[in-house]
Amino acid sequence: MDICFIFLMFFQFTLIHCEFHHPWDWILKLCWIGTAEDHSVHHALVTYNYGHFFTVYDRLFGTYKDGKTTAKMTSHKLVK
Ligand SMILES: [Zn+2]
């Protein structure tokens with residue numbers, strides 16, 4: 001079980017750093033799982049979106065910023 005979670009974690013870490021939108025991002029957002037768009041906000045504005053896997057704590061403590069709403073604030077653009 002631990003190995004499965006570690007594999008999923010590394011897979012997720014790779015996906016959130018790839019700078020691409022994925023067709024399944026809307027499903028991840030529904031489950032409050034971070035996407036590459038969410039994580040690009042963290043790299044551009046360091047004080048937001050700390051969660052690498054889940055966005056629940058960022059949403060609870062007010063540090064979540066949706067990548068769609070902050071795209072205008074940063075020069076960090078994802079490839080579509
Ligand atoms: Zn990162």
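Of the 80 residues in the protein chain, 21% count as buried, a label given to a residue with 20 or more other C-beta atoms within 10 Å of its own; 12 or fewer makes it exposed, anything in between partly exposed, and the C-beta atoms are placed from the backbone. The model is a predicted one, so local features need pLDDT of at least 70 and side-chain atom pairs count only at pLDDT 80 or more, while totals for chains, interfaces and linings use all residues. Residue numbers start from 1 along each chain as its sequence is written.

As for the overall layout, the chain has five helices and zero strands, which gives the pattern α-α-α-α-α when read along the sequence. Helices here are DSSP runs of H or I with at least four residues, strands are runs of E with at least two, and both are numbered from the N terminus. Contacts were also sorted by sequence separation, two residues being in contact if their C-beta atoms, placed from the backbone, lie within 7 Å. Among the contacts between residues at least 6 apart in sequence, 34% join residues at least 24 apart.

Helix 1 takes up residues 2-16, 15 residues in total. From first C-alpha to last it reaches 21 Å, close to the expected 21 Å, where the expected span is 1.5 Å times one less than the number of residues in the helix.

The loops hold some details worth a look. Between helix 2 (25-30) and helix 3 (36-44) sits W32, whose phi is near 60°, a positive value in a residue other than glycine. W32 counts as partly exposed because it has 16 C-beta neighbours inside 10 Å. A positive phi also turns up at N49, again not a glycine, with a value near 55°. N49 belongs to the loop between helix 3 and helix 4 (56-61), and it is buried because 27 other C-beta atoms lie within 10 Å.

Back in the loop between helix 2 and helix 3, there is also G34. This glycine is buried, since 27 other C-beta atoms lie within 10 Å. Once its neighbours within four places in sequence are left aside, G34 is in contact with I16, H39, N49, G51, H52, F53, F54 and T55.
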